[in-house]
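Here is a quick tour of one protein chain, going from single residues up to the whole fold. Have the viewer open as you read.

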Amino acid sequence: MNLPYCEKAMALLEFDRITEAAASCAVSAEAAALIRKERPLFDGEEIKNRKELVRSFYTLLENTGDQSPLELPDIGALFSPLAVEGAMLDPEENLALGIFIEGGETLRRLILDGGEAGEKLREKAQAAPDCSFLAREIFRVIDRDAKVKDLPALKQIRLCIQSLTKELEQIASGYGAGENTRHMLQSPLPSQRDGRTVLAVKANFRGRIRGIIHEVSSTGQTIFVEPEEAVKINNRILMEKANLEAEIRRILRELTGRIARKRENLKEFHRVIVDLESLRARARYSRETGSCFALDTGALALKQARHPLLGKGAVPIDLVMEPRTNMVIITGPNTGGKTVTLKTLGIFALMNQTGLAVPAAAAELPVFDGIYADIGDEQSLSQSLSTFSAHMTNIAGIIENTTDRSLVLLDELGAGTDPEEGSAIAMAILDHFIEKKSTVILTTHHGMLKNYGYSRHGVENASVEFDRRTLSPTYRIIMGIPGESRAVDIAARNGLPPALVDAAKGYLDGERSDISALIRGLKEKHRELDEAARSVREKETRIREDRRRTDLKELTLRQKEYLLKKEGAKEFRRLLLESRKTLENLVREIREGELTRDKNLRVKEFIRELEAGSAAMDAALETEEKNLAALAAEGEVPYTAGGSSVAGVVSGAASKAGIPSGAGTIGPGMEVLAGPSRRRGTVIRRDRKGRAGSAVSPQDSPSPGDPAWIVEIGSVRMSFPGEELVPVQGTPGPGLSARGSAGWSAELVPDEDRAAKLELRLLGMKLEEALEALRRQIDAAILAGLREFSVIHGKGDGVLQRGVQNYLKKDPAVADYYFSRPEFGGFGRTEVVLKG
């Protein structure tokens, strides 16, 4: 591309004001200067990388806020002195270096510690050498006021100077306080002349105080005398001050030498940090202007684009070029926004290709290899160029340099000369750009160019909308329809006498009036289509909102249902854990002692309490289910009851797995799974008393016609409804569970040994068998939600006892274990508590 013509376009579009605004967001003058010198990039990959870096900073600032105050003083001029052997930086220069390094490290940490920073931005920050040690070296010597600190080498000299100064003050105050000398002084306080302490002696007493005369006042009334006894002390003070200055220079020279040895690292650190700050400034500017980053899709589309130099008062515009369109001809009234549209597109292209976001709701911009513009009146009296000549000179240069990837912006093409000839020249120029396939946006008032837009492939007409009621432009771009200039209406609005307005209208011939009427009709149709499209969009928005609310309601229902199920399971586990010890003691008493009527009644009472608790839970779930169904009906969301027929679900699942269930498949002598502990048992006979879920003693007599069955589990016989018994045959499906009216649960498992037990008996087993059984018990207990159980291992020679305790000690699932109380088995039984 031709750089002079691009620079000219940047000047016409006032791009320097954009870079100045972006530069003002930088805390470093060097970074600001870097932004001001920035020129658009024309390589697609470079633009992509630059935008990615700025976008990463933009995202980082969005998520972390712009709260880190940075100070990055100018240090670029210090690298030349650092290259000179034996050079010395003064304290102010050292302070600037230290502050820059600290600020740079803060900026690096902001990027490296921020998870939102992009990979390329992190790589750039990591590329900066670590110079933090130099900052520590500097601030070990220099304080924040650019003073050399009171180092040991300097402290002794400064103490000596303080002591001598105090001695000198005592000598001077002796003259001011002495009875014999006080009246000889103009002032009792000593003063300084040439860095030495002197006394202000009255002229008529000059011989009375012996010493060196340093100065006489302009009136001759006062003589400034350095007393003899103060001369030596003043001399010593001057010598010590000279020693102090020499020591300070030595310290600064050594410090400068240490910095100079890392000059190249520091120089690279400086380059990276200034570049990072320039990127941060671009991101800050983009945030402040409410901008977005243009997508590179090859298309050209601007949505709600605002010219960045017009501020908040800018009217957003939309400009969309169809994929097969290379040229847009914008017509319409003066002050309607045609030129602003050109400038907005041009400045957006420049901003996009310097890595800046553009102030728009959305934008798609291709990468141009050149951005050319001919906008405004470039009449030059010094070069004897008229307006038309100036335009033609500029356009001729543009024509020589454009390619199929160039953007050309032409304002009022063909103006400044005879309309007919101007139109002919304009069409010839446009033919050239069509042949070159350049992207061209132009404005015009020539009617012939409106027809040109309809008769050429790849060319589209557009207009700026004009409100006929208010006789004012709306600044809205209408694609596909040419616009009227509305010069007569605008002249009337700006004060042209009505008689002249009527006369002007009379000169307009009928043919042109017909064309204007046609354009007005097209605009009305376009407005109607826009209204219809807006109505459709509003309906779609309402439908989406309704759907969103419905989906939200459905999600709420599902969450509610899930919480109900979870709470129900939690409540049941609580009930089971609370009842475990009671049931355990009852079972032990039944096993270990004679089955008496009192024990039988206690078992029945426990079962009734358990049934009552289960019934209360079922009732609560049923009530909540009704409320949930009503809520679903209100939201018109399909709802399926989740807890009203769990047993039916289990029965169906069991039948699919080939497992028979129900009373019709149960018979005496059959092995079944029954009861809440899912223990294997044997069916003895029908229960003719109808006490499902109750313990049964041998003395109970049968009653005919009862659907329940007596099942023997170990040494205990209990009654269960037929539908709660699952025959142990076939291969049941994994993880299947059932709940019946009595509140019992049975999990279908292929082996009783895999079910969790409240009491695990290991008596008579070898150690390996016992530990394997314990492992299975722990796994099953975790799956079943059983947090506590007992292990009976006996005492014997202690092999099982030690083996069990050692295994429990190492198992990560075990929270605690301990021997039972003496009445429950003592050292022959271990209580196990699993982690929650």
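K437 is exposed, with a relative accessible area of 52%; exposed here means over 50%, buried means under 20%, and partly exposed is in between (1.4 Å probe, protein chains only). You'll find K437 in the loop between helix 14 (419-436) and strand 11 (439-443). Helices (H or I, at least four residues) and strands (E, at least two) are DSSP runs, numbered from the N terminus.

This is a predicted model, where local features need pLDDT of at least 70 and side-chain atom pairs count only at pLDDT 80 or more, while totals for chains, interfaces and linings use all residues. Residues are numbered from 1 along each chain as its sequence is written, and side-chain values use heavy atoms, leaving out hydrogens and water.

Back to the backbone: most residues other than glycine have a negative phi. K437 has a positive one, and A146 does too. A146 lies in the loop between helix 8 (132-141) and helix 9.

| Residue | Phi | Relative accessibility |
|---|---|---|
| A146 | near 60 degrees | 10%, buried |
| K437 | near 65 degrees | 52%, exposed |

A172 and V198 are 26 residues apart in sequence, yet their C-alpha atoms are 7.9 Å apart in space.

Now for some helix geometry. In helix 2 (residues 15-23), the buried residues are F15, I18, T19, A22 and A23. They fall within an arc of 135 degrees seen down the axis of helix 2, so they line one face of the helix; the arc is that of the directions from the helix axis to the C-beta atoms.

Helix 6 (residues 91-113) packs against helix 10 (residues 228-260) at an angle of about 35 degrees, with the axes 11 Å apart. Axes are lines fitted to C-alpha atoms, for helices over the stretch in contact, and angles run from 0 to 180 degrees between N-to-C directions. P91, N94 and L97 of helix 6 meet L252, L255 and I259 of helix 10.

Zooming out, the protein chain has 22 helices and 25 strands. Buried residues make up 44% of its 836 residues. Of the contacts with a separation of 6 or more, 68% join residues 24 or more positions apart.

Definitions and conventions
Contact = heavy atoms within 4.5 Å.
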